[in-house]
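Please read the points with the structure in view.

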Amino acid sequence: MPAIVLVGAQWGDEGKGKATDLMGGDVDYVVKFNGGNNAGHTVVIEGEDGTREKYALHLLPSGILTPTVTPVIGNGVVVDLEVLFEELDGLQARGVDTSRLVVSANAHVIAPYNRTLDKVTERFLGARRIGTTGRGIGPTYADKMNRVGIRIQDLFDEGILRQKVEAALALKNQVLVKIYNTRAAEADRVVDELLGYAERLRPMVADTSLVLEQALDAGANVLLEAGQATLLDVDHGTYPFVTSSSATAGGACTGSGIPPTRVSRVIAILKAYTTRVGEGPFPTELFDDDGETLRSVGAEYGTTTGRPRRCGWMDTVIGRYANRVNGVTDFVITKLDVLTGFEKVPVCVAYEVDGVRHDEMPVNQTDFHHARPVYEQLDGWSEDISGCRTFDELPAAAQSYVLRVEELIGARVSAIGVGPGRHEIIQRHPLLD
């Protein structure tokens with residue numbers, strides 16, 4: 001069977017976990033292929049008795065909540081082992097079976113000194129800070145590219161692990177002490193901490209590329225789930241205000257070991273408005289009561305950090321860009337219900353930069369920083385749409401909103417989220433063949 005890629009179309013927090021949950025009954029494997037615990041999924045599961053359980057996942061693939069799914073942490077992920085086991089323990093305490101988790105032997109480990117470097121570097125940058133989560137993600141990816149990183153498999157050979165830690169600290173301690181005036185990291189302490197996870201980790205570790213190839217050959221459905229989103233991709237995002245990994249569809253292949261010829265569908269999640277956490281340009285950002293309403297009604301606070309998200313109107317220039325970069329076959333629009341109650345709902349259709357209209361993303365980052373949104377005003381609606389289960393049940397204005405966005409972004413909208421629960425979604429087209 002072919003693989004399906006699921007990506008965020010904006011700056012993250014679009015609701016990828018909900019889309020994964022929607023397909024959970026038809027998916028056999030869910031693979032996290034990039035990032036670490038610097039982003040989160042919030043998944044709301046409704047029981048048969050109507051009660052709702054909310055789960056905040058940071059490092060684990062959201063498929064871990066579905067009993068029939070094998071969740072996989074791919075080689076493209078950087079793993080904070082303390083966070084991994086805290087998250088597993090938390091789920092187990094709530095009765096979730098986590099025994100199916102598989103972790104790539106080639107995934108890189110976030111060492112304690114990388115968390116320290118992340119935090120002190122942001123403080124050092126001051127007004128020029130990137131707005132990282134301070135969890136060591138960037139320094140760990142830098143170690144990977146500099147070929148001084150520690151991989152999961154290194155934890156099972158103490159000699160190799162010690163050599164790698166000592167080699168990394170030979171330079172990093174100079175930086176910590178002489179540049180940042182911070183205490184040096186002790187190699188013995190780092191090695192002991194990492195070795196302490198080895199035996200519990202060992203049963204989970206595998207050649208995940210081989211596991212996934214065999215699964216596909218056997219007819220399994222494999223969902224490749226991105227962390228972060230298109231505009232945070234290190235190559236295709238709003239650099240330098242990006243994450244340190246490849247969060248687009250291309251990254252799904254390198255981060256999982258699945259070749260591109262096995263991918264048949266690319267599903268992109270697009271929130272009905274736009275949010276962003278951290279620094280960087282944001283053309284449709286709102287600083288008025290409308291922005292506060294979106295934040296309040298949409299509960300726009302970071303799953304991982306708790307930071308209030310910056311909020312703005314839908315930006316279809318970004319939607320078209322995400323379509324182009326990822327090769328999107330299907331969009332899912334989430335949180336349409338949050339727009340209920342606005343008399344008019346502006347949609348950004350282009351940018352104006354120094355008097356020049358841009359219908360596509362400006363090639364120059366400076367232009368994007370100075371872009372001003374060109375809005376099209378669409379009619380709003382006041383009806384509660386959380387009970388709608390077909391497209392025709394939506395108010396006429398809500399239907400028109402979806403159809404106009406679909407036209408502007410250039411790919412079909414196959415599903416629409418109308419509330420926080422797993423059943424509060426409208427499917428116009430099947431997400432799986």
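1. The model is predicted, and in it strand 19 covers residues 413-417. How many of its five residues are buried? Five of the five are, so the strand is mostly covered, buried being under 20% relative accessible area.

2. Strand 19 has a partner in strand 15, residues 330-334. The two pair in the parallel sense, over three bridges. Within this pairing, Phe 331 stands opposite Val 413 of strand 19.

3. Strand 19 also pairs with strand 20, residues 425-427. Here the strands run antiparallel, and three bridges join them.

4. Next come the annotated positions. Under "active site", an unreviewed UniProt entry lists Asp 13, His 41 and Lys 144. Under "binding site", the unreviewed entry lists Asp 13 and Gly 40. Such annotations may be inferred rather than shown by experiment.

5. Asp 13 sits in the loop between strand 1 (3-8) and helix 1 (16-23). Is Asp 13 buried or partly exposed? Its relative accessible area is 23%, so Asp 13 counts as partly exposed, a class that lies between 20% and 50%. Setting aside residues up to four places away in sequence, Asp 13 touches Lys 271, Thr 275, Val 277 and Arg 309.

6. Lys 144 belongs to helix 4, residues 137-145. Lys 144 has a relative accessibility of 25% and is therefore counted as partly exposed. Which residues does Lys 144 contact, leaving aside neighbours within four places in sequence? They are Asn 75, Gly 76, His 108 and Gly 149.

7. By residue type, the lining of the second largest pocket divides into six nonpolar, two polar and four charged residues.

8. The structure also holds two cavities of 30 Å³ or more. About 40 Å³ of space lies in the largest cavity. Which residues line the largest cavity? They are Asp 80, Leu 81, Glu 82, Ile 110, Pro 112, Arg 115, Glu 193, Leu 194 and Tyr 197. Helix 2 (81-93), helix 3 and helix 6 are the elements that give two or more residues to the lining of the largest cavity.

9. The lining of the largest cavity divides into five nonpolar and four charged residues, with no polar ones.

Technical notes: Residues numbered from 1 in each chain as written. Predicted model: local features only at pLDDT ≥ 70, side-chain atom pairs only at ≥ 80, totals over all residues. Heavy atoms only, no water. Helix = DSSP H or I, 4+ residues; strand = E, 2+ residues; numbered from the N terminus. Buried < 20%, exposed > 50% of the residue type's maximum accessible area, 1.4 Å probe, protein only. Contact = heavy atoms within 4.5 Å. Pairing = 2+ DSSP bridges. Nonpolar A, V, L, I, M, F, W, Y, C, P; charged D, E, K, R; others polar. 1 Å grid on protein atoms, 1.4 Å probe; cavity = no way out; pocket = protein on both sides within 12 Å on 5 of 7 lines; lining within 4 Å. Points joined across faces, edges and corners; volume = space filled by probe spheres on them.
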